[in-house]
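Thank you all for coming; I would like to take you through one model this morning, and I will give each cut-off as it comes up.

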Amino acid sequence: MDALWMVLLLVVPALLLTSSTFVFYFKKCFYVGYMMILGIVAMPLCILKSGGRDIENMRIIRNLVRHVKYFLGLRFEVSGWEHLQTEGPYVIISNHQSSLDVLGMMEVLPDRCSMIAKKELIYAGTVGMVCWLGGIVFINRKKTSDAKSVMADAAKTMQDEKIRLWVFPEGTRNQKGDLLPFKKGAFHLAVQAQAPIIPIVFSSYRSFYLTKEKEFKSGSITLKILPKIETKGLTTDDVATLTDQAYDIMRSAFLEMSGPAPLLSNGPSKH
Ligand SMILES: CCCCCCCCCCCCCCCC(=O)SCCNC(=O)CCNC(=O)[C@H](O)C(C)(C)COP(=O)(O)OP(=O)(O)OC[C@H]1O[C@@H](n2cnc3c(N)ncnc32)[C@H](O)[C@@H]1OP(=O)(O)O
Ligand SMILES: CCCCCCCC/C=C\CCCCCCCC(=O)OC[C@@H](O)COP(=O)(O)O
């Protein structure tokens, strides 16, 4: 009997831990489960601090999430901190590879900064509730007119309440080894708020995180904060050029940091 227990308690987990597929699912489940638990901790803290939905809750969220990287074996190296030393509102734009991006965001998230997210995220259990408490602006990606009016309100709030917003201009997650063409919302937002844009580029996750191959190893991620792009005096007519300008800057930084994209069957097209 004792021998059987020995096998169950030691040998089976040891075998499982040598399977990279098992490690992949284990780490992913751990990540979601642990973030849900952190959500339970965050909710009362946020409500006690500010009584409800408030951008100041992002400080609590940032502090609670920062250690999660250690459990997953991830390291972040950040360069260009000086570019975040900007007073007042701005729009941060970054590439979006996975829900793991949240860990990188929390490494660099400035004060009074929330995000734009798809509205489905509000239903993600305690994480969704915490997103709401942290002042995340939810948009319906399928209804451009609704998304535009929500973002126009957000531009006004940015000016009135000196708020920063983080947007993923690709509009969805992407692990193709290159950036997707940018949507224009982030740039309209910056022009409407007359606020600068600060691009942040995450290096590729492909050396440690491969969803198709079911691999999730330890790894290191570089976050490169790039110089701000001014929008003062720009109007709606300038949005297309501004979008192209930001795309070119971020794409070259991404390729430089991560190496060229792997060959794709139908390569990414610009806009
Ligand atoms: C403590 C523990 C708990 C853990 C606690 C975790 C906490 C923290 C987690 C947070 C995590 C967040 C992570 C979320 C991550 C996502 O949810 S990513 C997905 C959601 N985000 C986005 O989609 C943002 C980017 N998307 C956009 O900006 C898109 O432009 C929009 C607004 C959705 C519209 O989409 P679209 O129609 O497909 O796009 P697009 O071609 O750009 O626009 C169509 C036309 O509308 C125009 N237009 C677009 N936007 C506008 C605008 N705002 N004003 C005027 N015109 C506009 C365009 O110019 C274009 O017209 P033309 O120039 O062609 O004539
Ligand atoms: C309808 C349910 C929405 C997702 C539920 C996932 C539960 C996540 C729980 C813990 C993970 C913590 C990080 C949460 C933040 C995740 C944000 C995110 O990455 O959303 C996906 C969105 O950027 C793009 O989605 P699509 O690939 O375009 O679709």
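This is a predicted model: local features need pLDDT of at least 70, side-chain atom pairs count only at pLDDT 80 or more; totals for chains, interfaces and linings use all residues.

Residues are numbered from 1 along each chain as its sequence is written, chains are lettered from A and ligands numbered from 1 in the order in which they are written, and side-chain values use heavy atoms, with hydrogens and water left out.

Let me begin with ligand 1. Which residues are the closest to ligand 1? The surrounding shell has 29 residues, and the closest are Lys118, Thr144, Lys183, Lys184 and His188, where being near a molecule requires a heavy atom within 4 Å of it. Polar contacts here are pairs of N or O atoms within 3.5 Å; within protein, one atom must be able to donate a hydrogen and the other to accept it, and residues adjacent in sequence count only if both atoms are side-chain atoms. A polar backbone atom of Lys118 is 2.8 Å from an oxygen atom of ligand 1, a polar side-chain atom of Lys183 lies 2.9 Å from an oxygen atom of the ligand, and for a polar side-chain atom of His188 the corresponding distance is 2.8 Å. Taken alone, ligand 1 exposes 1300 Å², and the protein buries 80% of that, with areas from the Shrake-Rupley method and a 1.4 Å probe; for residues, only the protein chains shown count as cover.

At least two residues of this shell come from each of α2 (20-50), α5 (101-108), β3 (113-118), α7 (144-161) and α8 (185-193), the elements being DSSP runs numbered from the N terminus, helices as H or I with at least four residues and strands as E with at least two. By class, the shell around ligand 1 divides into 17 nonpolar, seven polar and five charged residues; Ala, Val, Leu, Ile, Met, Phe, Trp, Tyr, Cys and Pro count as nonpolar, Asp, Glu, Lys and Arg as charged, and the others, Gly among them, as polar.

Turning to ligand 2, we find 14 residues around it, the closest being His96, Lys118, Arg141, Thr172 and Arg173. Oxygen atoms of ligand 2 lie 2.5 Å from a polar side-chain atom of His96, 2.9 Å from one of Lys118, and 2.8 Å from an N or O atom in the side chain of Arg141. Alone, ligand 2 exposes 740 Å², of which the protein buries 73%. The largest share of its shell, four residues, comes from α2, and the shell divides into seven nonpolar, three polar and four charged residues.

On a 1 Å grid over the protein atoms alone, a cavity is a set of points where a 1.4 Å probe fits but cannot get out, whereas a pocket is an open set with protein on both sides within 12 Å along at least five of seven lines, and lining residues have an atom within 4 Å of a point. Grid points are joined across faces, edges and corners, and a volume is the space filled by probe spheres set on the points. There is one cavity of 30 Å³ or more, and the largest cavity holds about 40 Å³. Its lining has four nonpolar, no polar and five charged residues, including Arg59, Arg62 and Arg112.

Arg112 sits in the loop between α5 and β3 and has a positive phi of about 55° although it is not a glycine. Most residues other than glycine have a negative phi. Arg112 counts as partly exposed because its relative accessibility is 29%, where buried means under 20%, exposed over 50% and partly exposed in between, with a 1.4 Å probe and protein chains only.

Finally, is Asn95 buried or exposed? Asn95 is buried, because its relative accessibility is 2%, and its side chain reaches the backbone nitrogen of Phe202 at 2.8 Å. Lys142, in the loop between β4 (137-139) and α7, is by contrast exposed at 69%, and its side chain makes a polar contact of 3.3 Å with the side chain of Glu120.
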